[in-house]
Amino acid sequence: MHHLEVKDLTSAYGQLSVLKGVNLRLSKGEVVALIGPSGSGKSTVLRVLMGLTPPTGGQVLIDGAPVNYRKAASVRAARDRMAIVFQQYNLFQNMDVLRNVTIAPVKIKRRPRREVEAEAERLLAKVGLAEKHHAYPDELSGGQQQRVAIARALALKPEILLLDEVTSALDPELVNEVLDTIRGLAAEGMTMLIVSHEMAFVREVASKVVMMDKGLVVEEGPPKRIFDNPQTDRAREFVGKILRH
Amino acid sequence: MNYTFQFGVALQQLPGLLQGAIVTFELGLLTFWGGALIGLLGASLKTFGGPVLRRFAGAYVIFFTNTPALIQIYFLYYGLPDFGIRWDSFTCTLIGLTLNAGAYLTEIMRAGFISAHRHEMEAAETLGMSLWQQIRFVIVPHIAKTIYPALANFFVVILVMGTSVGAVVGVNELTGQAINISTENYRWIEMFVVVAGIYVVLTLIASLSLALVGRWAFRVRVKIF
Amino acid sequence: MLIEILHQIPRFFSGGHLRLLFQAMGMTLALTAIGCVTGFLIAFLLVLLRRMPGIWALPFRLVSILYVEVFRRIPFLVVTYLVLFFIQAFVSDASLFTIAVVAICIYAVAYTAEIIRGGLESVARQQIEAATAMNFSRWQTLMRVILPQAWAVILPPAVAFMVGFIKDTALVSQVGVFELTFRGKELNNEGFSGVLVFGTIALLYFAMSYPLSRCGGWLERRLASPRSQRSHQRLRPT
């Protein structure tokens with residue numbers, strides 16, 4: 001039984017079909033990377049998983065149990081087990097760093113404040129932001145904000161972590177600090193689904209690479225094979241383009 | 001409650017009301033253009049004038065935007081006769097509203113002046129345009145496009161709110177006509193409901209036409225809803 | 001004529017008259033404050049209702065949209081008269097003060113609703129998505145994420161509207177409420193020069209409106225800078 005399984009997932013926006021039947025499988029502790037050109041639907045997969053965009057067909061299973069995105073309770077239960085980090089960090093601008101990290105566990109998951117704050121301090125130290133507890137998002141750099149976002153996601157103690165192009169909005173010199181954090185999480189055995197453009201990083205961290213194009217999975221396999229020896233034309237074309245520079 | 005609604009009676013009076021609507025439009029248009037001229041003058045004084053002129057224009061704006069239009073009209077209507085000047089209610093309303101509008105329009109125009117970038121003028125200059133050409137082809141279109149939404153909205157505001165004030169001193173614009181007719185047929189509620197409806201229709205037409213003109217002439221998107 | 005006006009001044013500025021005018025100013029401010037604040041609160045409810053998802057909320061959404069679009073396009077004088085006639089048709093002994101407040105309220109709801117809606121929508125959609133992804137309920141997202149940030153966008157124009165309304169209350173003199181303009185008309189009818197009376201009334205309105213509008217400007221500047229916004233929010237835990 002897979003930790004996370006996606007079967008024939010479709011999602012449409014009016015007439016526009018964004019996902020046309022996506023299939024994914026993640027085992028516990030596996031790090032899977034979703035790559036592909038813009039508009040291929042990679043981010044949409046993550047959004048559908050978190051219940052931010054409604055699916056129009058297909059199935060999502062967590063530990064074999066299907067998620068019913070039409071029932072609020074089912075969606076809530078699914079969200080309880082997953083956490084997402086967005087490209088634009090999406091931190092709450094009216095709260096300081098500590099509050100951003102602790103608010104959901106305390107107010108939504110109803111864990112005791114002391115315990116959550118201690119955990120938050122540990123997580124912030126882990127992402128390298130130990131002294132920034134009372135800073136506000138607009139006082140931080142992009143890389144710092146993204147690391148807060150990661151700490152915020154981790155504070156929810158998710159089983160599965162979804163990362164949506166988390167380095168795309170960052171200045172190049174800030175990308176590495178975020179990648180280091182993710183590297184650490186992978187080493188600790190967190191199940192992760194990563195959408196990324198950072199091919200070198202993907203190659204290093206992912207155990208499986210899934211390439212998408214126009215709403216469908218085009219090819220999947222270990223990074224070595226996908227990058228060095230793509231089987232399908234489309235994958236070959238994409239890899240050729242991205243590896244040229 | 002023993003009051004039977006008779007809207008038929010009110011609707012019969014439409015011609016009279018529409019006459020009032022015409023006066024409303026007249027008043028609105030005259031007020032707007034008069035106010036715009038004052039606004040242009042005031043904005044120029046405030047932007048390009050010396051300290052004395054700036055203070056003067058500033059005082060004018062501050063005074064007329066912090067006192068009610070009704071009081072300004074009352075001052076003219078009941079105050080000027082003391083000095084032998086007896087203007088009729090339409091004139092007093094027109095002048096009072098124009099002075100009032102001029103103050104607000106000064107600020108709107110001034111915002112437009114400020115928005116004109118020096119860079120645009122410099123670019124135009126390097127292209128070989130004379131000052132007059134710069135003003136005509138670069139500055140004025142830019143300012144006009146910037147302030148058009150505010151101006152369009154202000155016109156509708158004068159139409160709707162400003163002119164109805166005239167009814168208080170007896171001007172036969174839409175509200176005034178409603179009062180006149182109601183005092184005769186005693187159908188106050190129906191008359192005023194119809195009049196409210198006419199105002200909504202009038203302002204919608206005005207907003208829509210101005211939005212269309214804006215879209216066509218300036219390619220400016222003006223919000224109606 | 002100027003001489004006659006000068007002669008009137010001592011009589012005009014007698015203690016009795018001054019007290020009357022002072023009370024009338026109080027009435028003007030009371031009308032504005034009560035009417036506009038009540039209107040603001042009702043508008044808030046209306047906007048929240050309008051934002052509710054689901055088919056059952058459709059009639060509310062329609063009503064609130066129609067209400068705002070209609071009452072923003074009717075002059076305040078007409079609204080006041082309508083309120084007067086409607087209330088008197090049902091409750092013949094309703095106080096004029098109540099009628100005026102209701103009229104102000106109805107008008108204020110229509111205008112502040114747009115301000116409030118704009119403020120709530122100004123909060124970035126992305127933050128709301130983050131909250132949703134963390135299982136915040138709609139109410140929690142509203143109270144903990146949207147409102148704390150929307151205030152800064154809502155308050156300055158809302159306050160500006162209320163301060164501006166001080167001038168609009170002059171129109172309720174038409175239904176006989178004892179506010180400043182009404183007293184002015186009274187004094188003018190008693191024979192005092194129009195210049196003297198309405199000049200003074202104008203200055204009294206100015207004395208109420210201008211300082212408050214400066215405060216409004218100060219508030220706007222203070223809310224615009226993020227640092228001050230924060231010290232302002234530290235007093236209220238999220």
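User: What makes the largest nonpolar core a core?

Analyst: This is a predicted model, and its largest nonpolar core has 192 residues. A set like that counts as a core because its members are buried nonpolar residues joined through C-beta atoms within 7 Å. Those with the most contacts inside it are A:Ile84, A:Leu162, B:Val195 and C:Ala103. Helix H5 of chain C, residues 96–121, gives the most to this core, with 17 residues.

User: Which residues is A:Leu162 in contact with, leaving aside its neighbours within four places in sequence?

Analyst: They are A:Leu46, A:Leu49, A:Met50, A:Met82, A:Ile84 and A:Leu193. Each pair is called a contact because the two C-beta atoms lie within 7 Å.

User: And what does the second, separate core include?

Analyst: That core has six residues, among them B:Leu45, B:Phe64, B:Leu99 and B:Ala103.

User: Why are E9 and E10 of chain A said to pair?

Analyst: Pairing takes at least two bridges. Five bridges join E9(A), residues 208–213, to E10(A), residues 216–221, so the two strands pair. They run antiparallel, and A:Val210 stands opposite A:Glu220. Together they form a hairpin with two residues between them, and A:Lys214 in the turn has a positive phi of about 50°.

Conventions:
Residues numbered from 1 in each chain as written. Chains lettered and ligands numbered in written order. Predicted model: local features only at pLDDT ≥ 70, side-chain atom pairs only at ≥ 80, totals over all residues. Buried ≥ 20, exposed ≤ 12 C-beta atoms within 10 Å, placed from the backbone. Helix = DSSP H or I, 4+ residues; strand = E, 2+ residues; numbered from the N terminus.
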